[in-house]
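Thank you for making the time this morning. I would like to walk through one model with you, going from a single residue out to the packing of helices, and then to a few backbone details.

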Amino acid sequence: KNRMEFLKGVVKEKGFKSIGYENRTLSVSSFNRYSEAVSAEWAPVGDILAEMRTTKSEAEIANIKEAQSITDKAFSHILSVLTPTMTEKDVALELEFFMRKMGSEGIAFDTIVVSGKNSSLPHGVPTDKRIEKGDFVTMDFGAVKNGYCSDMTRTVAVGDVTNEQRTVYDTVLKAQMAALNAIKTGVVCRDIDKIARDIIENDYAGCFGHGLGHSVGIEIHESPCLNTRDDTILLDNTVLTVEPG
């Protein structure tokens, strides 16, 4: 039986009058096929599912930790092989290949590796640019384990750095640690973003051009988010990234 016939059979057998569908991800063409084939009242439940995913079970957290463990190992590995002869694409491919060898089911999202002036781009795409001595190299990558994602951003320097580079790095680190120390059950998401944002804005006004973080799970971007707009109150067992830049 194909999927459509199976669905029609279940609806008929159970006498279902209404069906919920994931309106956040289901394409219009797929929805049209299902709704035309199965006579029922179709109700969007994407927001309900997103709310259910806000907090994670122990098993879900264990899966995310496994995915993150693979990501950690990949970062340690890349530090041992990273040289100025590599391109950004070389580094990205090495990270992805290593995570696969460590048991990742794939990449959680398109791997970001950017260096030099490219490292200022939070969603930059790896290029054929060769890494040079004195470059910052920013890597944003993640693994997948049992369907659950990890997401980690790390910046390293190749060779010597300038005083200004050190100041930039320390400013971002200070913002990250302040946010991590403030996160707890009952706080508002945008308040955490503001803590980190104020630190960066104090020295580099207008240079923090993205949100502080987001929830992760079976999707790489889940709710709630740490940004200037999200007024969600954090609950126990919510898993979020904290990645200022």
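This is a predicted model: local features need pLDDT of at least 70, side-chain atom pairs count only at pLDDT 80 or more; totals for chains, interfaces and linings use all residues.

Let me start with Asp-236, which lies in the segment after β9. With Thr-185 the separation along the chain is 51 residues, yet the C-alpha atoms of the two are separated by 5.7 Å, and their side chains are joined by a polar contact of 2.3 Å.

Now to the helices. Two packed helices are described by the angle between their axes and the distance between the axes, and I will give both for each pair.

I take α6, residues 163–182, with α7, residues 189–203: these pack at an angle of about 160°, and their axes are 8 Å apart. Since angles over 145 degrees count as roughly antiparallel, that is the description that applies to α6 and α7. The crossing in which α6 passes α7 is right-handed. On the α6 side, the residues that meet α7 are Thr-171, Lys-174, Ala-175, Ala-178, Ala-179 and Ala-182, while α7 contributes Ile-192, Ile-195, Ala-196, Ile-199, Ile-200 and Asp-203. Sorted by class, this contact has 9 nonpolar residues, 1 polar and 2 charged.

The next pair is α4, residues 58–81, and α5, residues 88–101, which pack at about 135° with their axes 9 Å apart. At that angle α4 is oblique to α5, and the crossing of α4 and α5 is again a right-handed one. From α4 the contact draws on Ile-70, Thr-71, Lys-73, Ala-74, His-77, Ile-78 and Val-81, and from α5 on Val-91, Glu-94, Leu-95, Phe-98 and Met-99. By class, that gives 8 nonpolar, 2 polar and 2 charged residues.

The remaining pair is α1 with α2, residues 28–37, whose axes come within 10 Å and cross at roughly 45°. Parallel or oblique, then? The helices α1 and α2 are oblique to each other, with a right-handed crossing. Here Arg-3, Met-4, Leu-7 and Lys-8 of α1 meet Arg-33, Tyr-34 and Ala-37 of α2, and the contact divides into 4 nonpolar residues, no polar ones and 3 charged.

Staying with α1, we can check its length. Just after α1 comes Gly-15, which takes a positive phi of about 70°.

That brings me to backbone geometry. Most residues other than glycine have a negative phi, and most peptide bonds are trans. Asn-146, however, has a positive phi of about 55° although it is not a glycine, and its place is the loop between β5 and β6. As for peptide bonds, the one from Ser-223 to Pro-224 is cis, with omega near 5°, and Pro-224 is placed in strand β9, residues 222–226.

I am happy to go back to any of these places on the screen.

Key. Residues are numbered from 1 along each chain as its sequence is written. Side-chain values use heavy atoms; hydrogens and water are left out. Axes are lines fitted to C-alpha atoms, for helices over the stretch in contact, and angles run from 0 to 180 degrees between N-to-C directions. Helices (H or I, at least four residues) and strands (E, at least two) are DSSP runs, numbered from the N terminus. Angles under 35 degrees count as roughly parallel, over 145 as roughly antiparallel, 65 to 115 as roughly perpendicular and the rest as oblique. A crossing is left-handed if the near helix is turned anticlockwise from the far one by less than a right angle, and right-handed if clockwise. Contact means heavy atoms within 4.5 Å. Ala, Val, Leu, Ile, Met, Phe, Trp, Tyr, Cys and Pro count as nonpolar, Asp, Glu, Lys and Arg as charged, and the others, Gly among them, as polar. A polar contact is a pair of N or O atoms within 3.5 Å; within protein, one must be able to donate a hydrogen and the other to accept it, and residues adjacent in sequence count only if both atoms are side-chain atoms.
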